[in-house]
Amino acid sequence: MGQKVFFKNLDALRFIAFLFIFLGHALDTESSVVTESSTYGLVKNYVYIFGKTGFSFAFVLSSYINTWVILEERQRAGTFKPWLYYIRRALRIWPLYFLVLFIGFVVLPLAMDLINEPYQEIGNPWYFILFVGNFFLIEHGWTHSPIISVLWSVSVEEQFYIFWPFLLIVFRKSEKWLFAILLMLFAATTFYYYQTDVNLWFHTLFLLGDICLGAIFAFISFNKNWGYDSLKSLSRNAIIGIYLAFGLSLIFYHQLFDNLVFPGVINLILEKMFYAIILSFFIFEQNFCDNSFFKFGKLKVMTYLGVISYGLFCFHEIGLLIGNRVLASFGLDENVWAFLILKPAIAFLIILPISHVSWNYFEKPILGLKRHFYTK
């Protein structure tokens, strides 16, 4: 009684979302020699944009898939039991999440102490145990270890999915009103906190824009309404044009969204909506469009990397820390080209086998238990 529809092209998209996030984090450094380099400044300018877009893509993907799963189960079984959904979410997310928290709060401090570099983690573990880690970052800034800080996005997803099944039950047959309310909450939050000391990019209500658009496209896909036929039959040239528009928006990001035509808060709202819509469309296009120029599911290596992408995400800051150490040990930590190329490559080669082992011998066996928790 598991998920009936399998979206074979979405695993590759998961990896693309991770890759954008990975690149966005790979170039963080405290070296003044590196940061003062014009080459670093140019590259960093773009990978920062990639990082933000990667998180948006991850939220859109998660929302799309989870909304589809709820709709599908409700249709097949005639009812939907939220507590079964929560158990399935926990089986997928919690084991690796809490393992990484244990590494960040316990193992890493002990390891650093053994090499005579003791430090005390300033992060409060309870924020992350209770899945409100994003609000710790808003209130207190980064934790000492990026291994922990990066998990803020998991907190956002878990907060939303506590309420999402019940919202779909309450607003059944009137989902348009639900989506309108969510988008108004996103806009109101953006207006309220814009230019305050609150980092909007970590705030759950600000990220409702991504989550809501992913859910809207799931409804379009599942119910085959709200313009489904028009989207499904888009010409190949139109689809290519949308992909080109996305690429050009990354290249000319500042001209588009840092302009003086609109107030800054309006530019921010337009930016979030533009990327949420276009990324949601990519999911729809890969699943349902008749005239796609390419289906990413054909890329077997990328598809497998998408399968293990949750592990890649959870472990990638560990890989980056090790990458920094390797560069320092060879005296390359202030070499700009080594930092831009070698560090990400070393980090990826470290986390790849770790994530492979984690998926096959830790995550996948636990995930197999999900089959017992579907509405019969």
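**Pockets, cavities, core and ring pairs of the predicted model**

The largest pocket is lined by 48 residues, among which H25, D28, P146, E317 and L321 lie nearest its centre. A pocket here is an open set of points on a 1 Å grid over the protein atoms alone, with protein on both sides within 12 Å along at least five of seven lines, whereas a cavity is a set of points where a 1.4 Å probe fits but cannot get out; lining residues have an atom within 4 Å of a point. The structure is a predicted model, in which local features need pLDDT of at least 70 and side-chain atom pairs count only at pLDDT 80 or more, while totals for chains, interfaces and linings use all residues. Residues are numbered from 1 along each chain as its sequence is written, and side-chain values use heavy atoms, with hydrogens and water left out.

The elements that give two or more residues to the lining of the largest pocket are α1 (10-26), α3, α4 (82-114), α7, α16 (309-329) and α17 (336-367). Helices are DSSP runs of H or I with at least four residues, strands are runs of E with at least two, and both are numbered from the N terminus. Helix α16 supplies the largest share of this lining, nine residues. The space in the largest pocket is about 1500 Å³, where a volume is the space filled by probe spheres set on the grid points, which are joined across faces, edges and corners. By class, the lining of the largest pocket divides into 25 nonpolar, 12 polar and 11 charged residues. In this scheme Ala, Val, Leu, Ile, Met, Phe, Trp, Tyr, Cys and Pro count as nonpolar, Asp, Glu, Lys and Arg as charged, and the others, Gly among them, as polar.

The second largest pocket holds about 1200 Å³ of space. Its lining comprises 37 residues, of which R14, I65, N66, R89 and R92 lie nearest the centre. At least two lining residues come from each of α1, α3, α4, α8, α15 (300-307), α16 and α17, and α3 gives the most, with eight. The lining of the second largest pocket has 22 nonpolar, seven polar and eight charged residues.

Two cavities of 30 Å³ or more are present in the structure. The second largest cavity has a volume of about 40 Å³ and is lined by I49, K52, T53, S56, W201, Y253, E271, K272 and Y275. Helices α3 (38-77) and α14 (264-288) are the elements that give two or more residues to this lining; the largest share, four residues, comes from α3. The lining of the second largest cavity has four nonpolar, two polar and three charged residues.

The largest nonpolar core contains 119 residues, of which Y64, Y97, L151, W164 and F313 touch the most other members. Helix α3 gives the most to this core, with 14 residues. Such a core is a set of buried Ala, Val, Leu, Ile, Met, Phe, Trp, Tyr and Cys residues joined through side-chain atoms within 4.5 Å; buried means under 20% relative accessible area, exposed over 50%, and partly exposed in between (1.4 Å probe, protein chains only). Leaving aside neighbours within four places in sequence, Y97 is in contact (heavy atoms within 4.5 Å) with F128, F131, L151, V154, S155 and Y310.

Helix α3 also contains S63, which counts as buried at 0% relative accessibility. Not counting residues up to four places away in sequence, S63 touches Y161, I211, G214 and A215. In helix α6 (residues 133-140), the buried residues are G133, N134, F136, L137 and I138. The elements covering them include α5 (125-129), α7 (146-149) and α8 (152-170).

Rings of Phe, Tyr and Trp (its six-membered ring) pair if their centres lie within 6.5 Å; planes under 30 degrees apart count as stacked, over 60 as edge-to-face and the rest as tilted. By this rule there are 49 aromatic pairs. The ring centres of Y243 and F293 are 5.2 Å apart and the planes are at 85 degrees, so this pair is edge-to-face. The pair links distant parts of the chain, 50 residues apart, with Y243 in helix α12 (residues 236-251) and F293 in the loop between α14 and α15. Y243 counts as buried at 16% relative accessibility, whereas F293 is partly exposed, with a relative accessible area of 36%. Ring pairs join Y243, F246, Y253, F257, F274, Y275, F281, F282 and F293 into a cluster.
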